[in-house]
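Subject: Structure handover

Hello,

Here is the structure I promised to pass on. Please open it alongside this note. My findings follow below.

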Amino acid sequence: MNNINFSLSHDTIENLTAFSEILKKDHNTILNEALEQYFENEQKKLLEKNLEDENAMTNLDFDEFWDDVEL
């Protein structure tokens, strides 16, 4: 797998260190858990947006739906 380089702000590093000590978890575990939660939240948002977009394309009111139907 490719390595990714990134930088964290000083405040984030301080929080990471503090929570690592409080929770007795290493930095990597905390970062992985945080990213997993982030990805789950973003996926949920995307699914909700897709449903909204799909509903926006298919939601016709009664008159629009029956307008061109001949009985």
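By about how many helical turns are lysine 45 and glutamate 42 separated in helix H2? About one: the two sit three residues apart in H2, which covers residues 27-58. Glutamate 42 is partly exposed, at a relative accessible area of 27%.

Before the rest, a word on confidence. This is a predicted model. Mean pLDDT for the chain is 87. Of its residues, 80% reach 70 or more. Helix H1 has the highest mean pLDDT among the elements, at 97. Helix H3, residues 62-66, has the lowest, at 68. Where pLDDT is low, the predicted coordinates should not be read in detail.

Overall layout

The chain has three helices and zero strands. Along the sequence the pattern reads α-α-α. There are 71 residues, and 4% of them count as buried. The accessible surface of the chain is about 7200 Å². Carbon and sulfur atoms account for 54% of that surface.

Salt bridges

A search of the whole structure gives two salt bridges. Another joins glutamate 33 to lysine 25. There the closest N and O atoms are 2.9 Å apart. Both partners are partly exposed: glutamate 33 has 36% relative accessibility, and lysine 25 has a relative accessible area of 30%.

Serine 20 belongs to helix H1. Is serine 20 buried or exposed? Its relative accessible area is 13%, and the cut-off for buried is under 20%, so serine 20 is buried.

Lysine 24 is in the loop between H1 and H2. Its phi is near 55°. That is a positive value in a residue other than glycine. Lysine 24 is exposed, with a relative accessible area of 74%.

Aromatic pair

The count comes to one aromatic pair. The partners are tyrosine 38 and phenylalanine 39, with ring centres 5.7 Å apart. Why is the pair edge-to-face? The planes stand at 65°, and over 60 degrees counts as edge-to-face, so the pair gets that label. Tyrosine 38 is partly exposed, at 46% relative accessibility. Phenylalanine 39 has 53% relative accessibility; the cut-off for exposed is over 50%, so phenylalanine 39 counts as exposed.

Nonpolar patch

Which residues make the nonpolar surface patch of about 430 Å²? They are Ile4, Phe6, Leu8 and Ile13. Phenylalanine 6 is placed in the segment before helix H1, which spans 10-23. At 59% relative accessibility, phenylalanine 6 counts as exposed.

To recap the points to inspect in the viewer:

- The salt bridge of glutamate 33 and lysine 25, at 2.9 Å.
- The positive phi of lysine 24, near 55°.
- The edge-to-face rings of tyrosine 38 and phenylalanine 39.
- The nonpolar patch with Ile4, Phe6, Leu8 and Ile13.
- Helix H3, with its mean pLDDT of 68.

Best regards

Definitions and conventions. Residues are numbered from 1 along each chain as its sequence is written. This is a predicted model: local features need pLDDT of at least 70, side-chain atom pairs count only at pLDDT 80 or more; totals for chains, interfaces and linings use all residues. Side-chain values use heavy atoms; hydrogens and water are left out. Rings of Phe, Tyr and Trp (its six-membered ring) pair if their centres lie within 6.5 Å; planes under 30 degrees apart count as stacked, over 60 as edge-to-face and the rest as tilted. Buried means under 20% relative accessible area, exposed over 50%, partly exposed in between (1.4 Å probe, protein chains only). A salt bridge is a side-chain nitrogen of Lys or Arg within 4 Å of a carboxyl oxygen of Asp or Glu. Helices (H or I, at least four residues) and strands (E, at least two) are DSSP runs, numbered from the N terminus. Patches are made of residues with over 30% relative accessible area and no salt bridge: like charges are joined within 9 Å, nonpolar side chains (Val, Leu, Ile, Met, Phe, Trp, Tyr) within 5 Å. Accessible areas come from the Shrake-Rupley method with a 1.4 Å probe; for residues, only the protein chains shown count as cover. pLDDT is the predictor's confidence in each residue, from 0 to 100.
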